[in-house]
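Please read the text alongside the sequence and the coordinates.

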Amino acid sequence: MRLNSFLAVFRPALPLILGLSLGCSLSLLMVSWTQGDTDDSCRDELGNGRLFLGRGEAQRDSRDGPGEEDFQPRIVPYHKDPNKAHKKVLRTRYIHTELGIRERLLVGVLTSRATLNTLAVAVNRTVAHHFHRTFFFTGLRSPKVPHGMTVVAHGDDRPVWLMYETVRHLHQHYGSDYDWFLLAQDDTYMQADRLSELVGHLSAGQDLYMGRAEEFIGGEEKARYCHGGYGYLLSRSLLARLQPHLDTCRNDILSVRPDEWLGRCIIDYLGLSCVEVHQEMTYRYFELGKNADPEREDSSQFKNAFTVHPVSEPNLMYRLHKRFSQIELEWTYLQIQQLQMQINNLSDLTPEGKAGVTWPVGINPPFKPRTRFEVINWEYFTEEHIYSCIDSSPKCEMRGADRADVNAVLEIAVERLNERYQPQLRFRKRRLLNGYRRFDPTRGMEYVLDLALEAYTQKGHSQVIAKRVNLLRPLSAVEIIPMPYVTEATRVQVILPVTAQDQDYVGNFLDMYVMNTLDTHDNVLLTFLFIYDPFDAQRVSQTDVFAGIKAMIGEVEKRYGDVKIPWISVKTEVPSQVKLMDIISKKHPVDTLFFLASVWTEVNADFLNRCRMNAISNWQVFFPIHFQEYSPAVMYRDQQPSAASSFASETLRDGHFDRHVFDEACFYNADYMTARTKMAADILDNEELLENMDVYDIFVRYSGLHVFRAVEPALIQKYVRRACNPRFSEDIYHRCVLSNLQGLGSRSHLAMALFEQEQANST
């Protein structure tokens, strides 16, 4: 009886007791028990057998080993000495300078005054843009220097002197910036990609003198120099060692040929001879015979050559470049075919098998949407019209880039069909029945074409058939476009035009400006541009329509004593952007960075930094596409938005990127003044042109700069119905109306609003 009562009391704790007992038993089983002196022997055996039971054993072994120390991390606290002045750390402009990373190859072309405008220009046009840096060294500069070439004149036409000055110039100015230096003559054709690949496989830390090895006349057998006509490579370390001996070589070594002089200097003072093979890499060259035709050269030595010499005239240089481009293209196509065959052969070993191979082989598979909102739409087109237009019209004429694209695709489709079916069949296009295209961001532009073709047999019979073909224009490799260097420290001059109808929104603009720029001490200035119509301008002495805004400006200046917010008053009936900017431009320096804003703009630091980075003087102007919120009356329909939804979408609330508004812009004053100067001749013939154009049109038509138009998530505007001025041009007025209409709400919200209205009317 007592046992039953005892068990009843401890029954709830039985699972806990059993769990503890089981855990203790398992832990005892996992412990390796040792007794007496067997500890050391077991440990030695485990160490010799390279078996480690755990981190603790390894640490004990390391402590017992002779000469080993147990290093423990130690935190060194930082204490700033108040007696020492704070030293500002200066960082390098580019990270590769701080890390000591150098460019691989610099090319120097030895030319002369007589051939600078002929052979040197041919070298520059064919291969110079494939190298990172190319210099043309000459003795005397010709009166007219070719455009786009970096020419260095040494002032003396003697060949050996030119070589001496060239080597000295390369070491003095670029010895620490490049790993390899290639010297060649202007009658040498160079395969830029192969030479770049060659130096990419060579160790830059060794002294190397590499090219076509030639024997000296009457000299030693083993000592050889590199022939200058086929080019030769000099390593950076060799150039550094050679520099102290250049003056001695110039005075002691007598030679007519500059390549012989340089080779003798390297051999005598550095003990290095020219080599053609180094680290299993061979310097390949080809000697071009007289009256040779590059189109007929088909030997392996020619096809694999890095350099070709001699090239007697510029036309031959261009023909060589064309021939080598064809060879590279054929080799690339062959390599693609081999890779496709390997992919097909390996596909049998994959879980999907042959069905898992996508078309074309080696290209990313088509994008698979996860929801219906991610489905990519197909555009329908014919040879004359396209049925998805920018202005949302159902049908528009195909022209410009679209027409050129479709014509090219049709031509390629017929060409590929003939390549596949000839000689049994030959096709000729009659017309395009149906065309579909879509842009897949994972692979490129896809086309589906229904073609009416006239098929001809070998016997001359013909028949009209319809055939569907699929084509893909794949995305090419990503290219890095060099851009001028810009910083985020440039001062931004914000220009805010204000009309009498916009006064209600100025208060919110000022609040955001104060919070995001003045409180954070950002390098930003603000200028108001008050636009009076003629009636208000006459009554400004009695009643100033902008008196309230000026009072707000005074309060801000009073709160921040060192801040001044100037304003400019303008009287005009048509507040054209161009007329207003003409006034502003004259009152600021040419290097001023303008941000042309509107009263609905919410200025913040993220956008200002992108304004600084995207607006580049004499290169690019930036027209952001702001995010416009939809009308609350349509979105919520008398229902307040929940706090959770507004908090979750703090950055981009319900709205859209308004592509029809060009009010915001970032550009430099010098670029605007240059464009306006080019526009002056057109204004003389048509004075109304200023009212029919905005700043965006001026930069597109007259500047010649990159006009960067992109969505800007940091530039958010609340919904407002803009007042469209009918006195502007038809295009500007039409864009304003479209902006108001599309800003009401999304299609789903508009449809729901109409549905609810119809239900209310029916009841």
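Which residues make a nonpolar surface patch of about 290 Å²? The patch is made by Leu-329, Tyr-333 and Ile-336. The model is a predicted one, and the points below are grouped by topic.

**Nonpolar surface patch**

- Leu-329, one of the residues that make the patch, is found in helix H13, which spans residues 314-346.

**Disulfides: count and pattern**

- With a disulfide taken as a pair of cysteine sulfur atoms within 2.5 Å, the count comes to five.
- When the bonded cysteines are counted along the chain, the disulfides follow the pattern 1-4, 2-3, 5-6, 7-8, 9-10.

**Cys-389 and Cys-396**

- Cys-389 is joined to Cys-396 by a disulfide with an S to S distance of 2.3 Å.
- The link of Cys-389 and Cys-396 is left-handed, with -110° about the S-S bond.
- Cys-389 counts as buried because its relative accessibility is 14%, and buried means under 20%.
- Cys-396 has a relative accessible area of 23% and is therefore partly exposed.

**Cys-611 and Cys-666**

- The sulfur atoms of Cys-611 and Cys-666 lie 2.1 Å apart and form a disulfide.
- This pair links distant parts of the chain, with Cys-611 in helix H19 (residues 605-614) and Cys-666 in strand E26 (residues 665-668), 55 residues apart.
- The link of Cys-611 and Cys-666 is left-handed, with -125° about the S-S bond.
- Both Cys-611 and Cys-666 are buried.

**Cys-724 and Cys-736**

- A disulfide with an S to S distance of 2.0 Å joins Cys-724 to Cys-736.
- This pair links distant parts of the chain, 12 residues apart: Cys-724 lies in the loop between strand E27 (706-717) and helix H24 (730-742), and Cys-736 lies in helix H24.
- The link of Cys-724 and Cys-736 is left-handed, with -85° about the S-S bond.
- Cys-724 counts as partly exposed because its relative accessibility is 22%.
- Cys-736, at 16% relative accessibility, counts as buried, because the buried class lies under 20%.

Key. Residues numbered from 1 in each chain as written. Predicted model: local features only at pLDDT ≥ 70, side-chain atom pairs only at ≥ 80, totals over all residues. Heavy atoms only, no water. Patch = residues over 30% accessible without salt bridge, like charges linked within 9 Å, V, L, I, M, F, W, Y side chains within 5 Å. Areas by Shrake-Rupley, 256 points an atom, 1.4 Å probe, with all protein chains shown as cover. Salt bridge = Lys/Arg side-chain N within 4 Å of Asp/Glu carboxyl O. Helix = DSSP H or I, 4+ residues; strand = E, 2+ residues; numbered from the N terminus. Buried < 20%, exposed > 50% of the residue type's maximum accessible area, 1.4 Å probe, protein only.
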